[in-house]
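Let's take a walk through this structure together. Have a look at it first, and then we'll go through what can be read from it.

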Protein chains: 2
Amino acid sequence: MVDLSEKLREYCEKVNNALDIAIEDKDEPAVKSMRYSIFAGGKRIRAAIVLAFCELFGGDINKAIPFACAIEMIHTYSLIYDDLPCMDDDTLRRGKPTNHVVFGEATALMAGAGLYARAFETVLGCSGLSSEQKIEGMNILLSASGLNGIISGQMLDMENKPGLTEDEVMRIHKLKTSAMLEASAVLGCVAAECSDKEKNIALEYAKNVGLAFQIKDDILDVCGTVEDMGKTLGKDKASMKTTFVDILGVENAQKEVDRLSSKAKEIVCDINGCEFLMSLAEYLANRKT
Amino acid sequence: MVDLSEKLREYCEKVNNALDIAIEDKDEPAVKSMRYSIFAGGKRIRAAIVLAFCELFGGDINKAIPFACAIEMIHTYSLIYDDLPCMDDDTLRRGKPTNHVVFGEATALMAGAGLYARAFETVLGCSGLSSEQKIEGMNILLSASGLNGIISGQMLDMENKPGLTEDEVMRIHKLKTSAMLEASAVLGCVAAECSDKEKNIALEYAKNVGLAFQIKDDILDVCGTVEDMGKTLGKDKASMKTTFVDILGVENAQKEVDRLSSKAKEIVCDINGCEFLMSLAEYLANRKT
């Protein structure tokens, strides 16, 4: 098997270097605020999925870097907004004070908007992709982050209350979390100029990993430690949200995570070079953070 | 001369029809909130500039409609955020309660983000523009709305305080207001597949109109009526911001508006079909709302 953490570190370094250029350090509060959150120590799972699918299907990883940066910028923007007082009102993220705690709400708001804009500028401004690849990539990013993705997920999650059905909870998480993981996988394929068949493989892998990821998140919200997770826990219970743990119980929820993780692995296991994506699915099912 | 209000109404109707389709009515809070602000009775000056330059240079106005919609969506998004409690904390806009007053802060936040995303989706999803036109248009929209446009303008305006120089005030307004008006003019040219020379004419017109527009805004903040303006007035003074009126006085500020308006008119006056843009520059210099 491939050394997962070694490969993750390699991907992470490439993406961080590109992000450091894409959001150039300046003595401006909005830029400081953007950099604070984008370099807050995220694991870059989404970027890794972009790069891994590009590599898996024989693409040039450098062409996928702008997409990987864009997906991390949009993910970070959504976390900044998620933490705002009018949303989840959270003060801790990745073991650090949240953006608005450090920079104030107004700057956090502008930093989020700035990251969203810069994500698209990064894609449009890169030299390695064709116009068609850029447009296809932008459509994927917009679909995952717009009204058919994160925004609807956030709106539904705001109305999340006790007694939702499994389907209703699944719909929230599909929009809030899976949509971006699915986008990551397909963006890697766009960079590698893949066939529709290959894109479907990536999409199916990401659907399973995405759902497993969110169920695991629900489990960790109950069973994890603040030290490991670096964020406030027990929040779902406090805010009376229905989670997969409420519906399935911890034990069955973990079984579902394992089942989805195995399914994700099955989808890619016959493809040459699948080791990293196999290990990643395994890791996400058993992570403690 | 052309009948300005008649032509404005015609443009406005075209854009409103397209916006009604682009943000389809749904029984979802984010969509209701987006539609509330986008159909709050804005004058569609920016959209009109897009369409007018497209027509001036012989383009098909239907090709410019997606750009006109996008610019109005981004403008509306910036107003929603501008009014939020953590920004200007305003309760009145276009004579109606501001978005967060009606829908709550969280929904206003998501509606703004939704409008921004939908602006780009509208451009990418349209059938009349080539990939190159879409990419050029997206770059223009991102540049005006991102870190080199509205966001920097907002950040600087948050630090606006007594005693700024004319250059400093001008820089704020260039980023906060003119950038979007300039983008509108150039987007019309992109839709009409204009030459660089034509784009420069549009840009110069918009620079002058944009600055005149903002100085007039500062004058109206002192001299206008809440009934005419439909928003809270005297805010710049209350928030201790330096305005053009502070620097120039009301009389000289109006002289500067007239000078800039004349300059804008001079730039287009020799072009066949310039009547609407001539009247618009005149109107913006003398508006009461």
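## Where the two chains meet

Chain A and chain B bury about 3,400 Å² between them, and 76% of that area is on carbon and sulfur atoms. On the chain A side, the residues that lose the most area to chain B are A:Met110, A:Leu124 and A:Leu147, which together make up 18% of what that side buries. Keep in mind that this is a predicted model.

How many residues of each chain are in contact with the other? It's 40 residues of chain A against 40 residues of chain B. As for charge pairing across the interface, the rule finds zero salt bridges between chain A and chain B. Polar contacts do turn up there: two residue pairs, both at pLDDT 80 or more.

## What chain A brings to the contact

Now for the helices. On the side of chain A that touches chain B, at least two residues each come from helix H2 (29-38), helix H4 (61-83), helix H6 (105-125), helix H7 (131-145) and helix H8 (150-158). Which of them gives the most? That's H6(A), with 13 residues.

Sort the touching residues of chain A by type and you get 24 nonpolar, nine polar and seven charged.

## A matter of symmetry

A rotation of 180° with 0.0 Å of shift along its axis superposes chain A on chain B, with an RMSD of 0.0 Å. The two copies are therefore related as by a two-fold rotation axis. The same surface serves both copies, too: 100% of the contact residues of chain A recur in chain B.

## Rings and charges

Over all chains, the structure holds 17 aromatic pairs. One of them is B:Tyr77 with B:Tyr116: the ring centres are 4.5 Å apart and the planes sit at 20°, so this pair counts as stacked. B:Tyr77 lies in helix H4 (residues 61-83) of chain B and B:Tyr116 in helix H6 (residues 105-125) of chain B, so the pair ties together parts that are 39 residues apart in sequence.

One example is A:Lys207 with A:Glu204, whose closest N and O atoms are 3.7 Å apart. Both of these residues, A:Lys207 and A:Glu204, lie in helix H10 (residues 196-223) of chain A, three residues apart, which is about one turn of the helix.

Notes
Residues numbered from 1 in each chain as written. Chains lettered and ligands numbered in written order. Predicted model: local features only at pLDDT ≥ 70, side-chain atom pairs only at ≥ 80, totals over all residues. Heavy atoms only, no water. Contact = heavy atoms within 4.5 Å. Buried area = accessible area lost by both parts, 1.4 Å probe. Salt bridge = Lys/Arg side-chain N within 4 Å of Asp/Glu carboxyl O. Polar contact = N/O pair within 3.5 Å; in protein donor to acceptor, adjacent residues only side chain to side chain. Helix = DSSP H or I, 4+ residues; strand = E, 2+ residues; numbered from the N terminus. Nonpolar A, V, L, I, M, F, W, Y, C, P; charged D, E, K, R; others polar. Least-squares fit on C-alpha atoms with pLDDT ≥ 70 in both. Phe/Tyr/Trp six-rings, centres within 6.5 Å; stacked < 30°, edge-to-face > 60°.
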